[in-house]
Amino acid sequence: MGVDSALLGGASAARRPTGPVLGLLVVIVCLLVGPAVVTLALLPVFGVSALALVGGPMGIGTQLVLLFSFLGASGLLALWVVVKERRPLASLGFFPASRIGAHLAFGAGAAVVLLAVPVVVNLVGGQYLVGPVRFAQVGAVLLALVGFAVQACTEEVVSRGYLLQTAYRKWGLTAAIIFQALVFALLHGANFDVGVLPLVNVLLIGLTLGLWAVAEGSLWGVCAFHVVWNWCQGNVAGIQVSGMDIQATLLSLDPEPGTAELLTGGGFGVEGSIITTAVLLVSTALAFRAVQKRRLVSTGTA
């Protein structure tokens, strides 16, 4: 189906475009090599041991090393796009640069609303043990927001930007949306406490954000969503983020002993909750409808 979306035309700006299979290999190399190099450089800066990255409770220094390491991946991908493909970085999903503030606000607001549903349901149902508010952690919590901006935006550029564009150029829209969502989910397969339901939910997030980015025509909204979604879970609410046990938090919502992991998500966090599955199914349907609406407008049949 034809959709008039500036995002989809990004790969056509390349003088030497990359196919989806090679594009996937490029992404894997960027995500393996780039973060490893940056992590080695940041460990002494933050005074963190490499063993702290293996698992367990994660202090703010360890968290920032992990999040800022994504600068390596985005840097390598930027080199590939500019040097090999010979196209501007903005073509990955950041032009036309119009209504940026509105897109950012909508993305951040959508993250808060969607996340609030499983959190509130679990609170009302007595699934969470609520700790005191940690006002002394405000500075660290705000620093973590910067870190999540690096990590989440890198994942959006890789998935909803680069991979979606390269796959769309060869395979069309439906295959491109599914491709980037599958890769996004599989990349989370190595996270702590991952299971079938968490991977299903991550896949649904990938589908929602892929469709959303196409409907919007850029990555501004999905970047804001991803940043706020991760940050609010981990550093605001104190819930595990894809298995990350973050310690610098404003609140502390821990599952009560003996509560249902199907509802709370257990060690993976609320992204592994069946309530989140229901929320994401609705969001995927709404995003699909938005793409359909855009298609009707672009074909003049609305």
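A pocket is defined here on a 1 Å grid over the protein atoms alone, as an open set of points where a 1.4 Å probe fits, with protein on both sides within 12 Å along at least five of seven lines. Lining residues have an atom within 4 Å of a point. Grid points are joined across faces, edges and corners, and a volume is the space filled by probe spheres set on the points. The model is predicted: local features need pLDDT of at least 70, side-chain atom pairs count only at pLDDT 80 or more, and totals for chains, interfaces and linings use all residues. Residues are numbered from 1 along each chain as its sequence is written, and side-chain values use heavy atoms, with hydrogens and water left out.

The largest pocket has a volume of about 970 Å³. Its lining comprises 34 residues, and L66, F70, E155, L187 and N191 are the closest to the pocket centre. Helices (H or I, at least four residues) and strands (E, at least two) are DSSP runs, numbered from the N terminus. Six helices each supply at least two lining residues of the largest pocket: α1 (20–46), α2 (60–68), α5 (138–171), α6 (173–187), α7 (196–216) and α8 (220–236). The top contributor to this lining is α1, with 6 residues. Residue classes were assigned as follows: Ala, Val, Leu, Ile, Met, Phe, Trp, Tyr, Cys and Pro count as nonpolar, Asp, Glu, Lys and Arg as charged, and the others, Gly among them, as polar. By these classes, the lining of the largest pocket holds 23 nonpolar, 9 polar and 2 charged residues.

The second largest pocket has a volume of about 530 Å³. It is lined by 20 residues, of which F106, W212, L286, A287 and A290 are the closest to its centre. Two or more lining residues come from each of α4 (100–124), α7 and α10 (274–299). Here α10 gives the most, with 8 residues. The lining of the second largest pocket divides into 13 nonpolar, 3 polar and 4 charged residues.

Annotations were taken from UniProt; their positions are given in the numbering used here, feature names are shortened, and annotations may be inferred rather than shown by experiment. The unreviewed entry places "domain: CAAX prenyl protease 2/Lysostaphin resistance protein A-like" at residues 139–231. In the model, residues 139–231 are 87% helix and 0% strand, with the end C-alpha atoms 14 Å apart. The unreviewed entry also lists "transmembrane region" at residues 21–54, 60–83, 104–125, 131–150, 171–190 and 196–215. Residues 104–125 are 95% helix and 0% strand, and their end C-alpha atoms lie 32 Å apart. Residues 196–215 are 100% helix and 0% strand, with 29 Å between the end C-alpha atoms.

Side chains of opposite charge can pair when their charged atoms come close. A salt bridge was counted where a side-chain nitrogen of Lys or Arg lies within 4 Å of a carboxyl oxygen of Asp or Glu. The whole structure contains 2 salt bridges. One joins E156 and R160, at 2.6 Å from N to O. E156 and R160 are 4 residues apart in helix α5, so about one helical turn separates them. Accessibility was classed by relative accessible area: buried means under 20%, exposed over 50%, and partly exposed in between (1.4 Å probe, protein chains only). E156 is buried, at 0% relative accessible area. R160 is also buried, at 0%.

The other salt bridge links E85 and R87, with the closest N and O atoms 2.8 Å apart. Both E85 and R87 are buried. R87 also makes a polar contact of 2.9 Å with Q165, side chain to side chain. Such a contact is a pair of N or O atoms within 3.5 Å; within protein, one must be able to donate a hydrogen and the other to accept it, and residues adjacent in sequence count only if both atoms are side-chain atoms. Q165 belongs to helix α5 and is buried, at 0% relative accessibility.

Most residues other than glycine have a negative phi. R86 is not a glycine, yet has a positive phi of about 60°. R86 sits in the loop between α3 (70–84) and α4 and is partly exposed, at 43% relative accessibility. R99 likewise has a positive phi, of about 55°, without being a glycine. R99 also lies in the loop between α3 and α4. R99 is exposed, with a relative accessible area of 60%.
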